[in-house]
Amino acid sequence: MSAKPDLLILGDSHAIALKQGADLLGLPAEELQFSGAGWHDQRFALGENGLEVRGIPRAAGQLRALREKLGVADVFASGIPVLTTVGFHLGRLVPPFGWNGHQVQEEDAAGITEGLTASRAFAKEYVQHYRRRHFRLLRRLARLTTLIVVVPPRVHDRPNYDSFQHIIVEDLRGVGLTVYDPAEDLAGEDGFLPDNLMAEDGIHATAECGAMMIAAMREQGLLAA
Amino acid sequence: MVEKSDNPYRHLPAKAFWRTGVAEAGLFGLSQLWSSAWTLPADAQFVTFGSCFAQHISRALISRKMNWLNAEPAPGRTPPELAQKYNYGVFSARTGNIYTAAQLLIWARLASGAAGAGSVEYWTDGAGLVHDMLRPKIEPQGFVSRKEAEASVASTARAFARCITEADVLVFTLGLTEGWINTATGQSYSICPGTGVGTFEEGVHAFHNYTYPEILRDLEAALQIMWQMNPDLHVLLTVSPVPLVATASGDHVLVATQYSKSVLRAVAGDMANSHAQVDYFPSYEIIAAPSSRGTFFEPNMRAIAHDGVDLVMRHFFAGLDLSAPARRAGTGGDAGRAAVEAQMQAEELVCEEMLLETFNER
């Protein structure tokens with residue numbers, strides 16, 4: 001059993017920037033990551049030992065190793081603060097929604113003049129259908145330790161991504177979870193993170209951005225400094 | 001014995017006489033009730049709209065794997081119960097029930113661009129949610145804003161336009177003569193304001209029992225707009241056999257029902273007789289004529305039993321002529337979906353590659 005880390009990082013590919021950011025800040029952190037597809041497909045369950053990973057051997061091995069390293073059965077019940085990107089996985093959720101050309105009409109957006117629209121109420125129920133189990137997991141974890149859900153960066157020119165992100169954030173906050181949105185601290189006037197904080201793929205944040213997010217969370221008292 | 005002279009009746013087929021056509025044939029022996037006026041391509045595209053009974057035609061076409069166009073389907077991967085809750089997949093666009101010819105005319109005008117979504121009446125409820133009075137029950141709770149409600153009406157109008165321009169056959173089921181109108185704006189309502197959605201205002205909202213000339217005029221106007229958009233569109237009219245739930249006419253509901261159905265039946269027949277591109281399918285007669293002895297009505301004598309719908313659709317498919325060569329190749333929808341799947345896979349690869357990068361300690 002080794003010394004307790006300062007942070008546990010749980011999530012999909014967006015969690016990588018957080019882990020790298022923690023490394024840059026010299027904060028001891030452990031991680032459990034697997035793909036957004038795995039999270040979307042609900043390859044997880046809540047068992048006797050808390051979170052279990054199903055059908056992803058690499059991630060299951062990562063969790064097993066973490067348990068051994070920390071010497072506990074339920075790593076998320078050990079009191080270590082958790083940063084997580086679980087619950088979004090927009091790359092799996094949003095594209096199918098648009099297969100038939102649907103867009104959600106946002107109040108502050110220009111009127112949709114082509115294709116089909118779906119109401120925000122419908123989109124909300126659609127999200128809840130696919131994310132109900134994720135929210136349940138997050139609520140369970142939040143009862144055991146400090147848990148902060150970190151919102152992924154906004155992406156340019158992708159219909160419905162903003163709408164779905166807003167809905168998920170609203171739902172997470174609605175069930176009492178703590179949500180950190182880097183756009184509130186680090187984004188420019190357009191609401192997007194500056195290019196220098198974004199990885200080349202235009203989807204994920206950089207390690208530096210991850211460090212800035214953690215620093216902001218500590219500054220705001222969401223995480224103990 | 002008196003010799004019968006030759007006359008036109010001597011040359012009529014068995015179906016032209018009640019004894020041989022109905023009485024001796026029996027309910028399930030009825031034949032040649034309808035044969036399509038048109039020879040359609042094997043892959044003829046159908047769209048369905050109208051009153052509640054039209055939903056049965058949508059379902060039957062789908063279950064037979066016919067080419068039923070759903071121009072406003074639910075978003076991809078919508079669970080069926082959610083699609084149903086939000087009225088997706090009921091008709092070929094999300095119009096909700098179109099009970100009257102006046103409402104069909106409104107949709108035709110919206111689809112053609114002659115009217116915009118702003119011309120529809122909207123009502124805001126006590127919770128601040130907005131409802132369009134053309135489709136008052138289309139959203140379970142209502143829209144969050146007027147802007148969203150108008151966007152939804154416009155979306156359905158585009159889908160309705162696609163139905164008109166792409167379909168070979170529009171099946172329209174006439175449901176009601178009775179309706180409610182706004183005396184100030186002329187807006188036609190699908191349900192009486194105050195019966196769930198809207199607030200009834202005496203003097204503003206008025207009962208109107210559309211007459212034969214009005215229905216004929218509105219239907220003719222709607223179809224003329226549609227034919228301007230698609231001169232090849234065939235229109236198959238039916239009349240819903242489902243009786244009225246209630247009448248505001250002052251008559252007994254039984255009498256009002258018979259009046260309403262008779263007027264609609266007459267309009268449909270006259271439209272079919274006067275336009276080569278309009279035909280009439282006798283779903284009303286199959287269910288409601290004396291030959292069925294009311295067999296297909298549920299105990300409430302209003303709802304139509306599943307067996308009745310089956311019989312109607314058996315006659316429909318028996319009379320359909322799809323013997324012309326198919327005209328369409330694939331629609332390209334699958335290719336578009338495959339492209340999005342490929343994009344999702346590619347992004348997944350990007351993400352997985354990023355996970356691998358975490359093992360790069362250099």
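**Interface between chain A and chain B**

The side chains of Glu125(A) and Lys85(B) meet in a salt bridge (2.9 Å, N to O), where a salt bridge is a side-chain nitrogen of Lys or Arg within 4 Å of a carboxyl oxygen of Asp or Glu. The count between chain A and chain B is one such bridge. This is a predicted model, in which local features need pLDDT of at least 70 and side-chain atom pairs count only at pLDDT 80 or more, while totals for chains, interfaces and linings use all residues. Side-chain values use heavy atoms, with hydrogens and water left out.

**Extent of the interface**
- Contact (heavy atoms within 4.5 Å) links 42 residues of chain A with 38 residues of chain B.
- About 3,600 Å² is buried between chain A and chain B, 58% of it on carbon and sulfur atoms; buried area is the accessible area (1.4 Å probe) that two parts lose on being put together, summed over both.
- On the side of chain A, Arg92(A), Trp99(A) and Phe122(A) lose the most area to chain B, together 20% of what that side buries.

**Elements and residue classes of chain A**
- At least two residues each of the side touching chain B are supplied by α2 (36–40), α4 (90–97), β7 (116–118) and α5 (120–144) of chain A; helices (H or I, at least four residues) and strands (E, at least two) are DSSP runs, numbered from the N terminus.
- The largest share of that side, seven residues, comes from α5(A).

- Over residues 46–316, chain B is 39% helix and 15% strand, with the end C-alpha atoms 13 Å apart.

Definitions and conventions. Residues are numbered from 1 along each chain as its sequence is written. Chains are lettered from A and ligands numbered from 1 in the order in which they are written.
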